[in-house]
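Hi,

Here is the structure I promised to pass on to you. Have a look at it first, and then read on for what turned up.

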Amino acid sequence: MSETKDVDVTIRAAEAADAEALADLMTQLGYETRASEMEMRMEAIRVNKNYATFVAVSKGKVCGMIGTFTCYTYEHNSPSARILALVVSEKMRGRGVGRALIDAAEKDLARKNISRIAVNTRFERKDAHEFYEKLGYTKNGFRLVKELPMPAD
């Protein structure tokens with residue numbers, strides 16, 4: 001295992017020019033994504049005020065991203081947030097980039113008076129579970145998924 005060492009990163013809002021780097025990050029996360037697909041996704045996300053996307057930049061290159069979504073729920077009186085995506089490039093993992101992205105997202109959500117944040121991770125991502133738990137996130141349920149058939153053209 002490589003030595004853990006924090007690196008100098010800058011966190012900023014994602015920009016349209018980040019689409020290729022974001023596509024690469026999604027692919028590393030296990031979701032094969034072309035730059036053109038990410039451009040389309042980000043175009044829709046950027047115009048919705050309930051989303052926020054931040055990137056980590058080190059030495060002029062995007063090396064991580066976090067995306068959040070805020071909404072009202074049926075269970076609570078105040079709005080909640082969900083971390084929809086968090087990924088750090090394979091070469092930069094274990095160096096404080098993920099923590100910096102979480103910190104930036106949590107500060108952004110606190111400014112919006114959001115006090116409840118949820119995140120889903122796949123069962124096999126044990127390192128991610130440990131990472132979130134170290135940051136104060138607790139397990140409280142399971143997520144079930146069903147893909148619906150799409151009507152034929």
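A residue is called buried here if its relative accessible area is under 20%, and exposed if that value is over 50%, with partly exposed in between. Please keep in mind that this is a predicted model.

C63 has a relative accessibility of 5%, so it counts as buried. C71 comes out at 30% and is therefore partly exposed. The structure has zero disulfides.

Now to the sheet. Strands of a sheet pair through backbone hydrogen bonds, in a parallel or an antiparallel way. In this model, five strands make up an open sheet with mixed pairing, and their order is β1-β2-β3-β4-β5. β1 (10–13) and β5 are the edge strands; each has a single partner strand, so one side of each has no neighbour in the sheet. From one strand to the next, the twist averages 30 degrees.

Going through the pairs, β1 and β2 are antiparallel and share four bridges, with A13 opposite F54 of β2. β2 and β3 also run antiparallel, joined by eight bridges; S58 has K61 in β3 as its bridge partner. β3 is a mostly covered strand, with eight of its eleven residues buried.

Which residue takes a positive phi in the hairpin of β2 and β3? That is K59, with a phi near 50 degrees, in a hairpin that has two residues between the strands. The loop in question runs between β2 (51–58) and β3 (61–71). Most residues other than glycine have a negative phi, and K59 is not a glycine. Its relative accessibility is 83%, so K59 counts as exposed.

You will find N113 in the loop between α3 (97–111) and β5 (117–119). With a relative accessible area of 65%, N113 is exposed.

On to the interior. In soluble globular proteins, nonpolar side chains tend to be buried together. The largest nonpolar core of this model has 17 residues, and the members that touch the most others are I66, I83, L86, V97, L101 and I102. β2, β3, β4 (80–88) and α3 each contribute at least two residues to this core, and α3 gives the largest share, five residues. Leaving out residues up to four places away in sequence, V97 touches V7, V9, A56, C63, V88 and M92. Another core, of 15 residues, lies apart from the largest one and includes A14, M26, V55 and M65.

Finally, a histidine. H129 sits in helix α4 (residues 126–134). Is H129 buried or exposed? Its relative accessibility is 13%, which means that H129 counts as buried. Setting aside neighbours within four places in sequence, H129 is in contact with T121, R122, F123 and K139.

Best wishes

Key
Residues are numbered from 1 along each chain as its sequence is written. This is a predicted model: local features need pLDDT of at least 70, side-chain atom pairs count only at pLDDT 80 or more; totals for chains, interfaces and linings use all residues. Side-chain values use heavy atoms; hydrogens and water are left out. Buried means under 20% relative accessible area, exposed over 50%, partly exposed in between (1.4 Å probe, protein chains only). A disulfide is a pair of cysteine sulfur atoms within 2.5 Å. Two strands pair if DSSP finds at least two bridges between them. Axes are lines fitted to C-alpha atoms, for helices over the stretch in contact, and angles run from 0 to 180 degrees between N-to-C directions. A nonpolar core is a set of buried Ala, Val, Leu, Ile, Met, Phe, Trp, Tyr and Cys residues joined through side-chain atoms within 4.5 Å. Contact means heavy atoms within 4.5 Å.
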